[in-house]
Amino acid sequence: MLRWKSLDLITKTIEVVRVAVEVARTVTIKPYPKSRAGRRTVPVPDFAAELLAAHREAFPAGPRGEVFTNSSAGPLRRTLLRARVWRPSLVRAGLLGDVSRLGHFKWRAAWVNTGGVKWSAEFTTEREAVAHVAKMTPGGLRFHDLRHSYATELVSRGVPVNDVQAVMGHENRRPR
C-alpha cells in the first residue's frame with residue numbers, strides 16, 4: 001500500500017520500507033519487506049509523477065496516508081482491485097475477451113473458456129458486458145506481470161543488471 005510519506009514527487013522516487021499483505025479480506029502492514037534488498041528506492045517516471053500530483057489534488061489521502069483508497073476510504077484490497085479494476089481494464093484494452101456494441105442499449109460479451117469453447121451473451125450496458133467478460137474469461141495478464149515488464153524494459157534500455165536487481169528488490173546472488 002503506497003503512502004504519501006513514501007512518495008517524493010520532487011525527486012520522483014518511492015521509498016519501499018514496508019509491505020501490505022491481504023489475508024482473509026483484511027489488509028495489514030508488515031513493517032518490513034521479505035528481505036533486506038526489499039527496502040529500496042524506486043524511480044517514478046515523469047508521466048507517473050504528474051498523474052500522482054493530479055491525483056493528490058483530486059483525492060484526499062486515506063486515514064493512514066494512503067495514496068489510493070477504496071470507496072469507503074479504506075485500503076485497496078488486492079482481490080477487489082483485480083476483479084473490479086484490473087481485469088475490466090484488460091477487457092477494455094482488448095487483451096481479454098471481447099465486448100462489442102450491437103446497437104442502442106445492446107452489447108455483446110464474448111469469451112473463450114478454459115476448454116477452448118467460445119461463449120457470448122448480450123447485455124444492456126457496456127459496463128455489464130465488460131464485468132461479465134472479466135469474470136468469465138480465464139487467464140489474462142496479471143498485475144504482477146507489470147513488474148516483469150518493467151525489469152525487461154530497464155534491461156532493454158541498457159540499465160546494468162545489478163541496478164535492475166536493486167530497483168526490483170532482488171538479493172544479489174553469487175555463484176557458489
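## Notebook: loops, a sheet, a ring pair and a pocket

I began with Phe 105, which sits in the loop between strand S6 (98–103) and strand S7 (106–112). The model I am reading is a predicted one. I looked up the backbone angle and found that Phe 105 has a positive phi of about 60°, although it is not a glycine. I noted this since most residues other than glycine have a negative phi. Is Phe 105 buried or exposed? Phe 105 has a relative accessibility of 56%, and exposed means over 50%, so Phe 105 counts as exposed.

I then turned to Lys 12, in the loop between S1 and S2. Lys 12 is not a glycine either, and its phi is positive, about 55°. The relative accessible area of Lys 12 is 30%. Buried would need under 20% and exposed over 50%, so Lys 12 is partly exposed.

Next I followed the strands around that loop. S1 and strand S2 (residues 13–16) pair in the antiparallel sense, over two bridges. I looked for the partner of Asp 8 and found Thr 13, in S2. In what order do the three strands of the open sheet run? The order is S1-S2-S5, and the pairing is antiparallel. Strand S1 (7–8) and strand S5 (40–43) are the edge strands, each pairing on one side only.

I searched for aromatic pairs and found one in the structure. The ring centres of Trp 86 and Phe 143 are 5.0 Å apart, and their planes stand at 85°. Planes over 60 degrees apart count as edge-to-face, so that is the class of this pair. Where in the chain do Trp 86 and Phe 143 lie? Trp 86 is in helix H2 (residues 78–92), while Phe 143 is in the loop between helix H3 (126–136) and helix H4 (145–156). The two are 57 residues apart, and the pair links distant parts of the chain. I also checked the accessibility of Trp 86: the value is 15%, under the 20% limit, so Trp 86 counts as buried.

A second ring entry concerns Trp 4. Arg 56 lies over the face of Trp 4, at 4.7 Å from the ring centre.

I compared spacing along the chain with spacing in the model. Lys 135 lies in helix H3. Lys 135 and Arg 87 are 48 residues apart in sequence, and their C-alpha atoms are 7.9 Å apart in space. With 68% relative accessibility, Lys 135 counts as exposed. For another pair I took Leu 51 and Leu 102, which are 51 residues apart along the chain and have their C-alpha atoms separated by 34 Å. Leu 51 belongs to helix H1 (residues 46–58). The relative accessible area of Leu 51 is 56%, so Leu 51 is exposed.

My last entry is on empty space. Rolling a probe the size of a water molecule over the atoms shows where such space is left. The second largest pocket holds about 210 Å³ of space. Which residues line the second largest pocket? I listed Asn 70, Ser 71, Ser 72, Pro 75, Leu 76, Arg 77, Leu 80, Leu 81, Arg 84 and Val 85. I sorted this lining by type and got five nonpolar, three polar and two charged residues.

Conventions: Residues numbered from 1 in each chain as written. Predicted model: local features only at pLDDT ≥ 70, side-chain atom pairs only at ≥ 80, totals over all residues. Heavy atoms only, no water. 1 Å grid on protein atoms, 1.4 Å probe; cavity = no way out; pocket = protein on both sides within 12 Å on 5 of 7 lines; lining within 4 Å. Points joined across faces, edges and corners; volume = space filled by probe spheres on them. Nonpolar A, V, L, I, M, F, W, Y, C, P; charged D, E, K, R; others polar. Phe/Tyr/Trp six-rings, centres within 6.5 Å; stacked < 30°, edge-to-face > 60°. Helix = DSSP H or I, 4+ residues; strand = E, 2+ residues; numbered from the N terminus. Buried < 20%, exposed > 50% of the residue type's maximum accessible area, 1.4 Å probe, protein only. Lys NZ or Arg CZ within 6 Å of the ring centre and 35° of its normal. Pairing = 2+ DSSP bridges.
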